[in-house]
Amino acid sequence: MIRLENISKTFNTKDADVHAVRDVTLEIQDGEIFGIIGFSGAGKSTLVRCINLLERPTKGRVFVNGAELTSLNEKELRNERKKIGMIFQHFNLMSQRTVYQNIAYPLKGSKLSKEEQEQKILSLLELIDLKDKKDAYPSQLSGGQKQRVAIARALANDPKVLLCDEATSALDPQTTKSILKLLKSINEKTGITIVLITHEMAVVKDICDKVAVMENGCVVEEGPILEVFSHPKAKITKNFIATTSSISHVYELVEEHSPVVDIQKGQRLVKLNYDSVSTSKALISEVSRNFHVDTNIVFGNVEIIQGSPLGDLVVIFSGKHEDIDQAIAYLEKYEVGVEVMKQ
Ligand SMILES: Nc1ncnc2c1ncn2[C@@H]1O[C@H](COP(=O)(O)OP(=O)(O)OP(=O)(O)O)[C@@H](O)[C@H]1O
């Protein structure tokens, strides 16, 4: 388990003190894929670098795998750090060394025999599917291949934790998907805990179990991914979620007074948000039957998050004022989120 206890990090610069991380407390369980999301400058990198003490926190305590890293001397810390691998946005490979030599580098001084080291490197090359590139130099590899090598290098010492600092930000969407898939399969095979920082909610949605949202050095929201996606609390979280769904276009259409979302007297433009609880009932047809409210679907979007559906529907309800009120109350009773966009 990783436990960050009241972590603050202040950089004293010539011009001013920068409070990069402010009093963050977080717990990350073994085997979890934990996402930390925030806009540029929110403090994500600083926080994640506090986990292996690449940045020493100004205040607070860091526990990883039962050891309090903040209380260790340099030698003890070097030992504990071997159990924490890290990968970076720009891969940080050694350009003068081959793929094989890059992966071999962290094994220097390891207790493994030469043959065991060779076996280890070959199995890592297999894991990242780059056996045929073992003698290539980083400059001869694509971005995705470089990140695969960086992952193999980070795993050479069988760490319990893998820290990923914007590991897919320099990659195109398809390569991003393949790297995320690789991380997920490594997590499933080995049970390694993965902490992943990103500014893309799509990355969080794809592989994380839990997410913490950072703003101005603070964690403003945190929880299991389905819960955060279905009931986001902080405004910034709602904005991030909007980037993963085309629903935000509907707000633009409303602002532009587009005819697509035009309504007449006796109509309401309503956004419905539903999850697996509400998908088990035929709510839209019940609303029509029970309350004589007609429903015209303008827009629909369904995400599958951790195997559960999470949907947004934008509809126009037509009917008597009090009937629509009753229909909305009925939907809310079945935990459908209802937002009247226009009436
Ligand atoms: N070594 C440093 N010296 C001074 N200020 C720093 C240092 N490192 C980070 N900062 C400042 O701390 C704040 C948080 O930076 P950090 O890199 O942690 O944010 P981030 O959320 O990871 O951003 P990005 O996504 O752009 O990497 C920023 O205002 C940054 O300028």
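The chain contains 13 helices and 14 strands, where helices (H or I, at least four residues) and strands (E, at least two) are DSSP runs numbered from the N terminus. This is a predicted model, in which local features need pLDDT of at least 70 and side-chain atom pairs count only at pLDDT 80 or more, while totals for chains, interfaces and linings use all residues. Residues are numbered from 1 along each chain as its sequence is written.

**Overall build**

- Taken along the principal axes, the box filled by the C-alpha atoms of the chain is roughly 80 × 45 × 35 Å.
- Of the 343 residues, 36% count as buried, a residue being buried if 20 or more other C-beta atoms lie within 10 Å of its own, exposed if 12 or fewer, and partly exposed in between, with C-beta atoms placed from the backbone.
- Among the contacts in the chain with a separation of 6 or more, 68% come from residues 24 or more positions apart; two residues are in contact if their C-beta atoms, placed from the backbone, lie within 7 Å.

**Two domains**

- The chain is divided into domain 1 (2-242) and domain 2 (248-342), with bounds that come from an automatic or database domain assignment.
- The C-alpha centres of domain 1 and domain 2 lie 40 Å apart, and six residues of domain 1 are in contact with six residues of domain 2.
- On the side of domain 1 that touches domain 2, helix H8 (residues 225-230) gives the largest share, four residues.
- That side of domain 1 has four nonpolar, one polar and one charged residues, where Ala, Val, Leu, Ile, Met, Phe, Trp, Tyr, Cys and Pro count as nonpolar, Asp, Glu, Lys and Arg as charged, and the others, Gly among them, as polar.

**Around the ligand**

- The ligand is surrounded by 13 residues, of which the closest are Phe11, Ala20, Ser40, Ser45 and Thr46; a residue is near a molecule if its C-beta atom, placed from the backbone, lies within 6 Å of it.
- Strand E2 (17-28) and helix H1 (44-51) are the elements that give two or more residues to this shell, and H1 supplies the largest share, three residues.
- By class, the shell has four nonpolar, eight polar and one charged residues.

**Helix H5**

- Helix H5 (residues 143-155) has 13 residues and reaches 18 Å from its first C-alpha to its last, close to the expected 18 Å, a span given by 1.5 Å times one less than its number of residues.
- H5 is mostly covered, with ten of its 13 residues buried, including Lys146, Arg148, Val149, Ile151 and Leu155.
- The partners against which the buried residues of H5 pack are strand E6 (84-88), helix H3 (99-104), helix H4 (114-127), strand E7 (161-165) and helix H6 (173-190).
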